[in-house]
Amino acid sequence: MTIALLYILLSVLIVISIYVIISRNLFSVIISTTIFSMVCALIFLLLDAIDVSLTEAAVGAGISTILFLSTIRYVDIIATDTKKSAVPIVILFFLLLISISILIYDLPEPGKANVVNNSQATKYYINNSTTEMGVPNVVTSVLAGYRGFDTLGEVIVIFIAGISVLGILRNTKGRT
Amino acid sequence: MIEANIIVITLISVALLISILRFIFAEEIYTKILATNLIGTKIVLLILLSGTLSIEKDFTDIALVYALINFISTIVILKYYEDKEKCNEYD
Amino acid sequence: MKHHTVLRIVTKLIIPLILLFGLYIQFHGDYSAGGGFQAGVIIASGFILYNIIFGLEVGFSILSINMTKNLMAIGVLLYIAVGFMGIIQGLNFLEYNSLLSSSKEGQLLGIFLVELGVGLTVSNVMILIFYSFNNMGEKL
Amino acid sequence: MSMIEAILLILGGVTALIGTIGCFKFKDFLSRTHAVSVVDTFSTLLIILSLIIHNGFTLLSVKLFLILIFLYITGSTAIHVLTQAFLKYSKKEIIK
């Protein structure tokens with residue numbers, strides 16, 4: 001049952017992404033990316049990746065819609081109807097789709113325990129997280145405990161993004 | 001319970017497909033925002049129903065985040081669209 | 001959007017719930033889904049909703065631009081300070097074992113503080129980006 | 001499995017489908033809001049009520065009840081605001 005629902009949702013994703021390519025109105029493109037993130041989060045939930053699903057719902061559907069809309073209001077191109085045809089992009093899209101779906105056969109099956117990627121470190125985290133860290137959620141203990149240095153890098157990246165947005169937008173409209 | 005659950009999941013996914021079509025073939029932006037709201041509500045229901053089938057117990061948190069984000073994005077899209085309409089009015 | 005009366009009343013009801021739920025995700029992240037990043041984004045979107053409906057001036061009187069700048073720096077500094085606590089006590093960088101008397105409690109406290117730093121930075125960066133795109137012609 | 005839960009659940013699914021078909025078939029915006037409101041209020045009420053009966057009186061049921069209240073408030077408000085904006089700014093003639 002879950003597999004059938006998964007296939008329906010994946011086909012919905014393909015339909016929405018084709019619409020994003022074809023549509024020439026920036027406003028409806030942004031709304032459709034919101035729908036794309038919503039469906040994507042449901043797929044992550046069905047695959048039991050609950051933290052990823054929460055992140056996708058909050059970041060993809062919530063804050064990025066707000067920031068995209070702020071951006072197109074700031075640069076003043078809300079709806080553009082260009083005469084350029086979308087056919088080459090659609091052909092490119094289908095070529096990419098076919099090549100990726102051929103490549104998918106070489107990937108290991110998701111969630112299997114005897115795959116090489118899941119054999120060494122993952123087993124250690126799952127077995128020792130509760131006794132070493134005292135945190136029942138393994139994702140949190142890996143993110144903040146075992147791989148704390150990576151998370152530090154991520155936080156600094158977000159910090160630098162904030163600083164550079166501030167530096168680009170500061171005083172440009174006030175002075176001229 | 002499980003059989004009824006599966007029937008209802010099928011019904012709601014058919015409804016999801018229809019509302020995606022409504023979104024794509026809409027002729028004005030208000031209908032698109034309405035379809036977005038509809039899809040968000042459907043996805044909250046799908047999360048609640050498939051959560052009872054799966055082993056995860058935290059699905060209610062995600063459903064609550066969903067309901068919240070759906071409201072926020074609807075209001076924000078409407079606000080920016082209204083601003084644009086106001087600009088057109090005074091031109 | 002001040003002319004929508006119903007929306008204003010409902011937002012006044014909803015905003016505390018959103019902030020409370022963000023804090024729940026922040027501090028309950030050890031036991032269920034969630035963590036600093038998601039909580040920061042949810043709190044930021046709640047605050048942005050408030051700004052959109054009641055106007056940016058009201059938002060500035062609650063959380064000014066200088067305050068967001070300071071808070072996002074404090075988040076990163078909190079993270080790094082927790083890391084240096086390990087070095088001071090003779091361990092590696094970002095090793096929380098000796099923060100408290102027992103090793104397990106030290107790990108819990110370390111993870112809690114680190115997530116708090118992540119949440120502060122993420123929420124304030126998002127609010128700052130929103131502010132800088134939306135107040136046109138003002139000096140930042 | 002009790003009979004009441006199954007009946008409530010299937011009624012909820014059927015109302016969701018009917019509301020969506022209405023939203024697809026109607027010609028103008030205001031009729032569509034009418035069809036969407038059915039999904040936002042009646043269908044969520046039936047499905048979440050059925051899940052609450054299934055779970056009994058637990059923490060999960062309290063959370064489900066919170067979701068129900070939240071969906072009721074926000075869904076109705078969003079459609080109300082949307083309709084008001086349509087009436088104020090739309091260029092088309094409204095069919096009386």
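A nonpolar surface patch of about 400 Å² sits on chain C of this predicted model, put together by L23(C), F27(C), L100(C), L109(C) and F112(C). Such patches take residues with over 30% relative accessible area and no salt bridge, joining nonpolar side chains (Val, Leu, Ile, Met, Phe, Trp, Tyr) within 5 Å and like charges within 9 Å. Areas come from the Shrake-Rupley method with a 1.4 Å probe, and for residues only the protein chains shown count as cover. F112(C) belongs to α5 of chain C and is partly exposed because its relative accessibility is 36% (buried is under 20%, exposed over 50%, partly exposed in between).

The model is a prediction, so to speak of local features takes pLDDT of at least 70 and side-chain atom pairs pLDDT 80 or more, while totals for chains, interfaces and linings use all residues. Residues are numbered from 1 along each chain, chains are lettered from A, and side-chain values use heavy atoms, leaving out hydrogens and water.

α1(C) also packs against helix α3 (residues 59-89) of chain D, at an angle of about 145° and with the axes 11 Å apart. The axes are lines fitted to C-alpha atoms over the stretch in contact, and angles run from 0 to 180 degrees between N-to-C directions. On the α1(C) side, the contact (heavy atoms within 4.5 Å) includes V10(C), I14(C) and Y24(C), and on the α3(D) side it includes K63(D), F70(D) and H80(D).

K63(D) turns up again in a salt bridge with D61(B) (3.5 Å, N to O). A salt bridge here is a side-chain nitrogen of Lys or Arg within 4 Å of a carboxyl oxygen of Asp or Glu. This one joins two chains, since D61(B) lies in helix α3 (residues 59-90) of chain B and K63(D) in helix α3 of chain D. D61(B) is buried at 5%, whereas K63(D) is partly exposed at 22%.

Over all chains there are 4 salt bridges. One of them pairs E27(B) with R32(D), with the closest N and O atoms 3.5 Å apart. E27(B) is exposed at 51% relative accessibility, but R32(D) is buried at 2%. Within helix α3 of chain B, D83(B) and K79(B) sit 4 residues apart, about one turn, and their side chains meet at 3.2 Å, N to O. R73(A) joins K79(B) and D83(B) in a salt-bridge network.

Conventions: Buried < 20%, exposed > 50% of the residue type's maximum accessible area, 1.4 Å probe, protein only.
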